Amino acid sequence: MGQTGGSSDGLRRPMTSMRGTGYTSQGSAFDPLNQASKGPAPPLISKTEESPEEKIKSLERRVMGLIEESCLAASRGEIRLSLDRAKEASSKERSLIRQREQAGLSDGHNLDLTFSVSVTYSHVM
């Protein structure tokens, strides 16, 4: 006979109950639903397109970067580059305002950003 186990009443029965729960004596990992063979799970959300809020945040970061570049160029005495960056920041900020209005997010207008663009542009002029 095969491998058997004992019980308190003296009857002997095969020890197959352990195999049904995923246990084997070969030392493999416990995987009762055999999920290890399926590979990793697919991503929950596919990132094919940015949401309007993400686009707006990205554009805000770009405008702030242009303001910083303009200020740094002015501090080095590169007035033409500083003016170009300030003009580009002003243009992008106006585009940002239009995108906010189109997305219905005009109530979240970033006044600090508008002020920074205005001050930078007027300082360079």
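Modeller: Welcome! This is a predicted model, where local features need pLDDT of at least 70, side-chain atom pairs count only at pLDDT 80 or more, and totals for chains, interfaces and linings use all residues. Residues are numbered from 1 along each chain as its sequence is written, and side-chain values use heavy atoms, leaving out hydrogens and water.

Biologist: What makes up the pattern of the protein along the sequence?

Modeller: The pattern reads β-β-α-α-α-α, with 4 helices and 2 strands. Both are DSSP runs numbered from the N terminus: helices are H or I with at least four residues, strands are E with at least two.

Biologist: How do you know that the span of α3 agrees with its 25 residues?

Modeller: The expected span is 1.5 Å times one less than the number of residues. For α3 that gives 36 Å, and its end C-alpha atoms are 36 Å apart, so the two agree.

Biologist: What makes the largest nonpolar core a core?

Modeller: A nonpolar core is a set of buried Ala, Val, Leu, Ile, Met, Phe, Trp, Tyr and Cys residues joined through side-chain atoms within 4.5 Å. The largest one here has 9 residues, including Ile56, Ala89 and Val117. Its largest share, 5 residues, comes from α2.

Notes:
Buried < 20%, exposed > 50% of the residue type's maximum accessible area, 1.4 Å probe, protein only.
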